[in-house]
Amino acid sequence: MGRGRAKAKQTKVARELKYSTPHTDFEALQRELAGNSSDRGGDEQREEEDDEYDTYRR
């Protein structure tokens, strides 16, 4: 017993994820995909930059 409430919540979350339409910034996506040749400096430049996920890579 007691599984009904948990299952209902999971179903609600799954439905929200399935049918929600998040806002997509197509201009930012285009800039990211197009890239800039000066942004691709190599691994040395990349190591110097702060990365928000750096702690997870170790």
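**View 1. Helix H1 lies largely in the open, with zero of its 17 residues buried.** In this predicted model, helix H1 covers residues 3-19. From its first C-alpha to its last, H1 reaches 24 Å, close to the 24 Å expected at 1.5 Å a residue.

**View 2. Helix H2 comprises the nine residues 26-34.** The number of buried residues in H2 is zero, so this helix, too, lies largely in the open. H2 is followed by Gly-35, which has a positive phi near 65°.

**View 3. Phe-26 is an exposed residue of helix H2.** The relative accessible area of Phe-26 is 58%. Because the cut-off for an exposed residue is a relative accessible area over 50%, the value of 58% places Phe-26 in that class.

**View 4. Phe-26, Leu-29 and Leu-33 form a nonpolar patch on the surface.** Together, the three residues Phe-26, Leu-29 and Leu-33 have about 340 Å² of accessible area. Phe-26 belongs to helix H2, and the residue range of this helix, 26-34, also takes in Leu-29 and Leu-33. An α-helix has 3.6 residues a turn, so residues three or four places apart point the same way.

**View 5. The whole chain, shown for context, contains three helices and zero strands.** Read along the sequence, the pattern of the chain is α-α-α. The chain has 58 residues, of which 0% count as buried. Its accessible surface comes to about 6500 Å², and carbon and sulfur atoms account for 48% of this area.

How values were computed: Residues are numbered from 1 along each chain as its sequence is written. This is a predicted model: local features need pLDDT of at least 70, side-chain atom pairs count only at pLDDT 80 or more; totals for chains, interfaces and linings use all residues. Side-chain values use heavy atoms; hydrogens and water are left out. Buried means under 20% relative accessible area, exposed over 50%, partly exposed in between (1.4 Å probe, protein chains only). Helices (H or I, at least four residues) and strands (E, at least two) are DSSP runs, numbered from the N terminus. Patches are made of residues with over 30% relative accessible area and no salt bridge: like charges are joined within 9 Å, nonpolar side chains (Val, Leu, Ile, Met, Phe, Trp, Tyr) within 5 Å. Accessible areas come from the Shrake-Rupley method with a 1.4 Å probe; for residues, only the protein chains shown count as cover. A salt bridge is a side-chain nitrogen of Lys or Arg within 4 Å of a carboxyl oxygen of Asp or Glu. The expected span of a helix is 1.5 Å times one less than its number of residues.
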